[in-house]
Amino acid sequence: MIATTSWDLLVYGGTVLTLEPGCRAITNGAVAIADGRIAAVGPAEALLDQAPTGEVLDATGCLVMPGFVNTHSHLAMTLLRGLADDLPLKDWLEGHIWPAEREHMNRETIRVGTLLAAAEQLLAGVTTTTDMYFFDDEVGTVLAEVGMRAVVAESLLDFTTPRCSGPDEMLERQRELIEMFRDHPLITPAVAPHSPYTVSAANLVREAELADEMDVPLHIHLAETRWEVEKLLEEKGVSPVAYLADLGVLSERTVAAHCVHVSPEDIGILGEFEVGVSHNPVSNLKLASGVSPVPTMLEAGVTVALGTDGTASNNTLDVLRDMQVAALLHKGTGGQPTVLPARQAVEMATVDGAKVLGLDGRIGRLSEGMEADLVCLDLTGAHATPLYDHVSHLAYAARSSDVRHVLVRGKVLVNNGELQTIDLEEVRTKAAEIAEKIAG
Ligand SMILES: [Zn+2]
């Protein structure tokens, strides 16, 4: 039923993949948007007849779908992309990444790196991203200016960061960040203790209490490497997952990045506490951290979404690529071509991402009342021809360079492949200047 004709924008002419349960794609469909929300979804003809006012956006030849959701990243690490590759995690972090961060990450470089990350992600159809890094008041401000949706958190570690002298100051900055973006339409503030092996038990508990008190997500790296599991077993006598559960850190507000080395008991705990898992297949492969038992977690009812991790370990923020790698990886390692079918992979990159970040009901599907975060992917290329099944193409054939239009909260941020709110040339120039200093 079409209830209104006062739409701000009508996206028409493409095939609409709503991702509503049981709903197939609507050929020659349209999405009507009013006040940043989806006012109607249906056949283009019917909606065009009833849209006397507002703008129109031609999506002919496109698949119109919910934007991709990146559930784990460190955005300004774009400035460190390709700086040090092909190293073990510990050497890579301690010998290259942390020293570069200490010396070069400050408010201004974080701003440039975040803008670069926003540009890259929007051009790849990512409408919601995540950041756990430093100067996150700046990160949130930049992303809000650009018009991108994000969950942002100042990292907490037991040692100093480029911004803070210690955990007490980090907690204070986190509290300020939460106050700053409370009820913001695009930016969701969070807390982010770095990991069970870099944050003391007392500080992990303080973080969980802050997340509870302020009702915000808690984002943490968890069970990423075998080394981490062995360290926790040796020092605490339990796995990292059991350790966090014992401390009261795990809940439905937890976003646990990686979960590579998790036992069946750990998976039971993740399910019991309704923890959202962010699967980062490319980062895990590149750092040889291992392969997360995603099919087992899914079978146990754990919600698993996708993350890119920072670009020093991926080296892109291309969620579509991580989705395609995930769809292939678990078939190959498990010897089962039926696991992680195309539709499930696409849901991990969209609606399940929204769920993991606590944004379900607002984004992740295209239906009336949801916020209008959507992407138009041009599926007329040679690599997408012929076209029997849009979902199959998404999981196995499409490229992020197929993205034509991107909308967040009804605002067009990419139009015909062109960024509308970011001066990419200026950002590239500034990033290159910073990179020259980092390279020394
Ligand atoms: Zn990470």
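This briefing walks through the zinc site, the strands and the salt bridges of the structure above.

The model is predicted, so local features need pLDDT of at least 70, side-chain atom pairs count only at pLDDT 80 or more, and totals for chains, interfaces and linings use all residues. Residues are numbered from 1 along each chain as its sequence is written, and side-chain values use heavy atoms, with hydrogens and water left out. Helices (H or I, at least four residues) and strands (E, at least two) are DSSP runs, numbered from the N terminus.

**Zinc site**

- The zinc ion has His-72 (NE2), His-74 (NE2), His-221 (NE2) and Asp-309 (OD) as its protein donors, at 2.1 to 2.4 Å.
- Donors here are N, O and S atoms within 2.8 Å of the metal (3.2 Å for Na, K and Ca); water is not among the atoms, so sites may look incomplete.
- Along the chain, the zinc donors are spaced as H-x1-H-x146-H-x87-D.
- What do the angles among the four donor atoms make of the zinc site? They run from 87 to 171 degrees, and the site is irregular.
- For the cut-offs: four donors count as tetrahedral if all angles lie between 85 and 135 degrees; four count as square planar and six as octahedral if opposite donors are over 155 degrees apart and all others between 65 and 115; anything else is irregular.

**The parallel sheet**

- Strands S11, S12, S13 and S14 make an open sheet of four, in the order S11-S12-S13-S14 and with parallel pairing; two strands pair if DSSP finds at least two bridges between them.
- S11 and strand S14 (304-306) are the edge strands, each pairing on one side only.
- On average, neighbouring strands of this sheet are turned by 30 degrees against each other, direction ignored; axes are lines fitted to C-alpha atoms, for helices over the stretch in contact, and angles run from 0 to 180 degrees between N-to-C directions.
- S12 and S13 run parallel over three bridges, with Ala-257 having Ser-278 in S13 as its bridge partner.
- Strand S13 (residues 276-279) is also joined to S14 by three bridges, again parallel, and His-279 stands opposite Leu-306 in S14.
- From S13, Gly-276 and Ser-278 point one way and Val-277 and His-279 the other, and all are buried.

**Hairpins**

- Strand S16 (residues 403-408) pairs with strand S17 (residues 411-415) in the antiparallel sense over three bridges, and Leu-407 stands opposite Val-412 in S17.
- Two residues separate S16 and S17 in their hairpin, and Arg-409 in the turn has a positive phi of about 50 degrees.
- S17 also pairs with strand S18 (residues 418-419), antiparallel over two bridges; Val-414 has Leu-419 in S18 as its bridge partner.
- The hairpin of S17 and S18 has two residues between the strands, with Asn-416 in the turn at a positive phi of about 50 degrees.

**Salt bridges**

- The whole structure holds 24 salt bridges, each a side-chain nitrogen of Lys or Arg within 4 Å of a carboxyl oxygen of Asp or Glu.
- Arg-107 forms one with Glu-138, the closest N and O atoms being 2.9 Å apart.
- Arg-107 counts as partly exposed at 32% relative accessibility, whereas Glu-138 counts as buried at 13%.
- Arg-163 and Asp-137 meet in a salt bridge too (3.4 Å, N to O).
- Arg-163 lies in the loop between strand S8 (149-156) and helix H5 (167-181) and Asp-137 in helix H4, so this pair ties together parts that are 26 residues apart in sequence.
- Are Arg-163 and Asp-137 buried or exposed? Both are buried.

Notes:
Buried < 20%, exposed > 50% of the residue type's maximum accessible area, 1.4 Å probe, protein only.
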